[in-house]
Amino acid sequence: MAEVWWLTVFFLIQGEWVPGSKIDGWSPRPFPTETACFDHRAFAEKECRERPLDFESVWICNKGEPLDVLPKDAHPSIDC
């Protein structure tokens, strides 16, 4: 069985990076390929630019399991 790629968002809320899984409606989403995940990440980032939510965000694609901690090498991408 092929490994799943996960798209996870983290929001900077009150100085802490909170995974989307802790916020209703922002759970990680699985994708069958890296390309599909990156395509959806680009779409999500575009939507955040067009309809901001007033939080910095980081959208991350990773293989295996959804992330629940922001990787140290991640950088905020956009205000969402």
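**Entry 1: strand S1 and its partners**

I began with Trp-5 and found that its bridge partner in S4 is Lys-63. I note here that the model is a predicted one. I then followed the pairing along the strands: S1 and strand S4 (residues 56-63) are antiparallel and share seven bridges.

Next I looked up strand S3, which covers residues 29-31. S3 pairs with S1 over three bridges, in the antiparallel sense. In this pairing I found Trp-6 opposite Pro-30 of S3.

I went on to strand S2 (residues 16-19), which is joined to S1 by four bridges and runs antiparallel to S1. Here Leu-12 stands opposite Trp-17. S1 and S2 form a hairpin with two residues between the strands.

How many residues of S1 are buried? I got seven of nine for S1 (residues 5-13), so by the cut-off of under 20% relative accessible area the strand is mostly covered.

**Entry 2: salt bridges**

I searched for salt bridges and the structure returned three.

For the pair Lys-46 and Glu-50, I recorded 3.1 Å from N to O between the side chains. Both residues sit in helix H1 (residues 34-50). They are four residues apart, about one turn of the helix.

For the pair Arg-51 and Glu-47, I recorded 2.5 Å, N to O. Glu-50 and Arg-51 also meet through their side chains, at 3.7 Å from N to O. Through shared partners, the salt bridges join Lys-46, Glu-47, Glu-50 and Arg-51 into one network.

**Entry 3: exposure of the network**

Which of these residues are exposed, and which partly exposed? I looked up the relative accessible area of each member of the network. Arg-51 has 52%, and because exposed means over 50%, Arg-51 counts as exposed. Glu-50 has 46% and is partly exposed. Lys-46, the salt-bridge partner of Glu-50, is also partly exposed, at 37%.

S1 is mostly covered and pairs antiparallel with S3 and with S4, while four bridges join S1 to S2. The salt bridges link Lys-46, Glu-47, Glu-50 and Arg-51 in one network.

Methods:
Residues are numbered from 1 along each chain as its sequence is written. This is a predicted model: local features need pLDDT of at least 70, side-chain atom pairs count only at pLDDT 80 or more; totals for chains, interfaces and linings use all residues. Side-chain values use heavy atoms; hydrogens and water are left out. A salt bridge is a side-chain nitrogen of Lys or Arg within 4 Å of a carboxyl oxygen of Asp or Glu. Buried means under 20% relative accessible area, exposed over 50%, partly exposed in between (1.4 Å probe, protein chains only). Two strands pair if DSSP finds at least two bridges between them.
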